[in-house]
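Thanks for making time this morning.

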Amino acid sequence: MTFLSRNSRDLPRMRALPGRRTRIISILDVGTTKVTCLIARLKPRQESEILPGRTHEVEVIGIGHQRSHGIKSGVVVDLDAAEKAIRYCVDAAERMAGLTIDSLIVSLTAGRLKSVRGSAGISTHGAEVSPADLKRVLNLAARAPIEAGRLALHSVPFDISLDGETGLENPQGMIGQRLGADMHILTAEETPLRNLEAAINRARLVVEAFVATPFASGLASLVDDEAEMGSACIDMGGGATTIAIFQNGRFVYADSVALGGQHITMDLARGLSIRPDDAERLKVMHGSAMSELMADSDTVEVAPLGEDGFEAPINVARSLVARIIRPRVEETLELIRDRLAASGLGHVIGKRVVLTGGASQLAGLSDTARIIMQRNVRLGRPVGVAGLTAANKSPAFATAVGLLIYPQVSTMEHFPDTSATSFAFDETTRVGRLGSWLRKSF
């Protein structure tokens, strides 16, 4: 396997929010079934016990929705169609907000998201830990090698230690011999990321930052106690289901499976020989993951598949609809259960799982998830943002709301300094050892 040393390769990064000034930000959530654009006003807020990690109040002033075209499972498959969907969506949000935007924070589901762990330690020679020491150890931990053809989306320190004492919030000023850091680096394949960026650029917009869908959904759906104690957020979208694990308030793991609500819709369309649009409507209005609760005598009318559209409606038992839906739901949840087990963080999650995303609203899904994953499951709705309508406060908009929250927490991320000075003081290289000796000697 070929590895590259980690660098940003001009990947856009989020700028820190101004501490005392209001700022307008805009986001774009690009999904398999819908594209959402939100424009919001961020105002500095006082520290409070409610949402203690938030530095700004978020008020949505513009909302745009558009049916997704040219995109499957977050991957751009038709640049022209994707560009048009993005342009129409952004235009609707701009008209509502009464202003024009030129940059966006964009969600990313595609690219086979993969978590990498970086670890590093440096000697502090029994002296006080300085800001330079902390920066140096974080730089080393963030330089974990990643596979060729992949880019680092996020780089979040999740543990800092001093002489084996872990869980330190800020070791600066403490005295010890060895300072250590552990980093969670989330990577994605470069090609789908660049194609999504190209579609956005063709709409005459600039990507301000890419944010992984599981990270954004977790920010919007997990309450502070859940993120602090350790929880998993499962976002069930149209084309994919993503996993985010949080511990001590930090984003420590992510994964995804290429199954979502659209696969259930297509199962119904094929199984009942009906149009996909009718299958989607049937799933939303009458679908359930609990077939044993349905009586065979309880039926619904659906239009059969045909060329002229004049065929007489057929009656379908709701129990049959549930029996078609349930195997796909079970398959998806079993894959998620296995990925959680493979993460090695099952002890971190404990019994807490939060389901969110549009497909999570299927009747009976939470109960099925509770049985398959053997954990306490609740349905997560986005919290902490004002100005949303009731319809936009559903789990389907968790990622979009999380993108609005992300600028407030982006400062916790640490990407390596690629300057020549930093390289000279990197003790892992021969040049670095010389630079380190010069720094300590003169």
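Predicted model: local features only at pLDDT ≥ 70, side-chain atom pairs only at ≥ 80, totals over all residues.

Residues are numbered from 1 along each chain as its sequence is written, and side-chain values use heavy atoms, with hydrogens and water left out.

Let me begin with the pockets. On a 1 Å grid over the protein atoms alone, a pocket is an open set of points with protein on both sides within 12 Å along at least five of seven lines, a cavity is a set where a 1.4 Å probe fits but cannot get out, and lining residues have an atom within 4 Å of a point. Grid points are joined across faces, edges and corners, and a volume is the space filled by probe spheres set on them.

The largest pocket has a volume of about 1,300 Å³. It is lined by 48 residues, of which Thr33, Lys34, Gly238, Gln262 and Glu280 are the closest to its centre. Two or more lining residues come from each of β2 (23-30), β5 (71-72), β13 (231-236), α6 (261-272) and α7 (276-286), where helices (H or I, at least four residues) and strands (E, at least two) are DSSP runs numbered from the N terminus. Which element gives the largest share of that lining? It is α7, with seven residues. By class, the lining holds 16 nonpolar, 24 polar and eight charged residues, where Ala, Val, Leu, Ile, Met, Phe, Trp, Tyr, Cys and Pro count as nonpolar, Asp, Glu, Lys and Arg as charged, and the others, Gly among them, as polar.

The second largest pocket has a volume of about 870 Å³, and among its 35 lining residues the closest to the centre are Glu228, Asn248, Gly249, Arg250 and Met412. Its lining takes at least two residues from each of α2 (131-142), β10 (150-162), α4 (213-221), α5 (224-229) and α11 (398-409), and it divides into 18 nonpolar, nine polar and eight charged residues.

Now to the helices: α4 and α11 pack at an angle of about 85°, with their axes 7 Å apart, the axes being lines fitted to C-alpha atoms over the stretch in contact, and angles running from 0 to 180 degrees between N-to-C directions. That makes α4 roughly perpendicular to α11, a label for angles of 65 to 115 degrees. The contact (heavy atoms within 4.5 Å) involves, among others, Phe215 and Leu219 of α4 and Leu403 and Tyr406 of α11; by class it has 10 nonpolar, five polar and no charged residues.

Finally, an open sheet of three strands runs in the order β8-β11-β10, with antiparallel pairing, where two strands pair if DSSP finds at least two bridges between them. Because β8 (114-123) and β10 stand at the edges with a single partner strand each, one side of each is left without a neighbour in the sheet. The twist averages 20° from one strand to the next. Between β8 and β11 (178-189) there are 10 bridges, and serine 115 has leucine 186 of β11 as its bridge partner.

Note on methods
Parallel < 35°, antiparallel > 145°, perpendicular 65-115°, else oblique.
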